[in-house]
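Please look through the model below before reading on. The paragraphs after it go from single residues to the whole chain and back again.

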Amino acid sequence: MIASWLGLALIFVAVPAFGQTLDDNEQRMVEWIDEHSEEAIALLQETVNISSGTMNHDGVREVGGVMRRELDGLGLETEWIEMPEAMNRAGHLFGRKLSGSGARIVLIGHLDTVFEADDAFQGFARDGDTASGPGIDDMKSGNVIIVYALKALEAIGALKEIPVVVAYTGDEEKTGKPLAVSRRELIAAGQWADFGLGFESAVHRDGTDWATIARRSSSGWMLTVEGKQAHSSGIFSEEDGAGAIFEAARILDAFYEEVRGEEHLTFNAGTIQGGTDVFYDAQLNRGTTFGKTNVIPRKVVVHGGLRTISQDQLKRARAAMLAVVAESLPNTSAIIEFTEGYPPMFPTEGNRRLKTELSVINEALGRGPMPELDPSMRGAADVSFVAPYTDALAGLGAIGEGGHTPHESLDLTSLPLAIKRAAILIYRLSDDSE
């Protein structure tokens, strides 16, 4: 990092005198954002009305086109980054403004949603201060917040001195593999940046705004168990053994009893197929099974997920799972394979310092202090690809609920609040350029 934390340390020491107030430029941004809040909602409506499930490549590109228009208007150099054809993903939109003497900041959003073109949940609907629609919370509102925070900075003449990269990925909900290719530009942006800010939805619970300084990893595992097919009258015998389903049950029970327990470590068995004949398509997460009650089952396939707070925890969990699988009931065998996924965003002291500054801003805007959110309460996100290289915060979006469901909605009054927090945070961080 070219930026030193000395500048921010001085700010934190001065919290009693400075933290509860906004300077003239920050107050001007607050007023500008209030004046343009309906414009921000209109942009949100425009993008929510474009169906952009990950596999709807045309829709993802169309949303990207709207956001590109906005970034072009701010003077950023925009680029649509195509993915290899074999990856079967639409690509990403990046906007860059590398000039300026301020700290270098990468702002992270994504264009896709979990709702594909044939989903029944489509379109923006507004009822007073609440709006609903596919991706309105996760995370088309976050994309809008990035744009309007930059517009507010431009309105006071501050943007010209802030080097910034805006990264809108097109496959966050169903990431293209290999990750070294699909996240190459995002990782490079993290290596370039002094700070990384992720704009997925904010968390507001029990009357409190929470700050996200950590997110867990998300990776996969596939368990394949083989048994001896035979007449069921011989099950448990030395000749015929226990069968594939009992062995799979032993393994899953041992995972629960022996691997479970570390703080922030979770693993889920999402699907299971077992019987005489088993077919499972991991890409589609579906399969078929045939078996009979009088036949010892020959095969089981279990597909699951694994979440950890650190790479060390991930290694320990995988080793423990391998040890369980290595023990076998009679006449059975099993293998477990692990697939790459999102890395963890570890709760570093640098992230905590960013959280402190965000909390100060939140109080200056008339809200309360922001404690750290338990990372077990959030899933993985693209900010995790940046976090190993720079101090980072996540959850800088608006306040919504029902993400990934047909009840997804957004509190529209939280949109200008999130824009204000983001604009002021970027403004303050931009001074940390020594």
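**A walk through the chain**

Ser430 has a relative accessible area of 10%, so it is buried, the cut-off for that word being under 20%. Like everything that follows, this value comes from a predicted model. Ser430 sits in the segment after helix 12 (414-429). Leaving out residues up to four places away in sequence, Ser430 touches Gly102, Ala103 and Ile162.

Consider the chain as a whole. It contains 12 helices and 18 strands. Its radius of gyration is 24 Å, close to the 22 Å that the globule rule gives for 434 residues, so the chain is as compact as a globular protein of that length. Along the principal axes, the C-alpha atoms fill a box of roughly 85 × 45 × 40 Å. Of the 434 residues, 55% are buried. The accessible surface is about 18100 Å², and carbon and sulfur atoms account for 51% of it.

Is Lys355 buried or exposed? Its relative accessibility is 15%, so Lys355 counts as buried. Lys355 belongs to helix 11. Thr212 is 143 residues away from Lys355 in sequence, yet their C-alpha atoms are 7.7 Å apart in space. Neighbours within four places aside, Lys355 is in contact with Ala211, Ile213, Met370, Glu372 and Leu393.

Aromatic rings come next. A pair of such rings is described by the distance of the centres and the angle of the planes. The whole structure holds 6 aromatic pairs. In one of them, the ring centres of Trp221 and Phe255 are 5.8 Å apart and the planes stand at 90 degrees, so this pair is edge-to-face. Because Trp221 lies in strand 10 (residues 218-227) and Phe255 in helix 9 (residues 244-259), the pair ties together parts that are 34 residues apart in sequence. Trp221 counts as buried because its relative accessibility is 1%, and Phe255 is buried with a relative accessible area of 1%. Another edge-to-face pair is formed by Tyr342 and Phe385, with 4.8 Å from centre to centre and 65 degrees between the planes. Tyr342 is in strand 15 (residues 332-342) and Phe385 in the loop between helix 11 (349-364) and strand 16 (391-393), so this pair links parts 43 residues apart in sequence. Both Tyr342 and Phe385 are buried. Trp221 and Phe255 also form one aromatic cluster together with Phe267.

The backbone has some points to note. Most residues other than glycine have a negative phi, and most peptide bonds are trans. The bond from Asp138 to Met139 is cis, with omega near -10 degrees, and Met139 is placed in helix 6 (residues 136-155). The bond from Lys177 to Pro178 is also cis, with omega near 5 degrees. Pro178 lies in the loop between strand 6 (164-169) and helix 7 (179-182).

Asp206 is not a glycine, but its phi is positive, at about 55 degrees. Asp206 is in the loop between strand 8 (203-205) and strand 9 (208-210), and its relative accessibility of 76% means that Asp206 counts as exposed. Phe236 has a positive phi near 75 degrees and lies in the loop between strand 10 and helix 9. With a relative accessible area of 58%, Phe236 is exposed.

Note on methods
Residues numbered from 1 in each chain as written. Predicted model: local features only at pLDDT ≥ 70, side-chain atom pairs only at ≥ 80, totals over all residues. Heavy atoms only, no water. Helix = DSSP H or I, 4+ residues; strand = E, 2+ residues; numbered from the N terminus. Rg over C-alpha atoms; globule rule 2.2 N^0.38 Å. Buried < 20%, exposed > 50% of the residue type's maximum accessible area, 1.4 Å probe, protein only. Areas by Shrake-Rupley, 256 points an atom, 1.4 Å probe, with all protein chains shown as cover. Phe/Tyr/Trp six-rings, centres within 6.5 Å; stacked < 30°, edge-to-face > 60°. Contact = heavy atoms within 4.5 Å.
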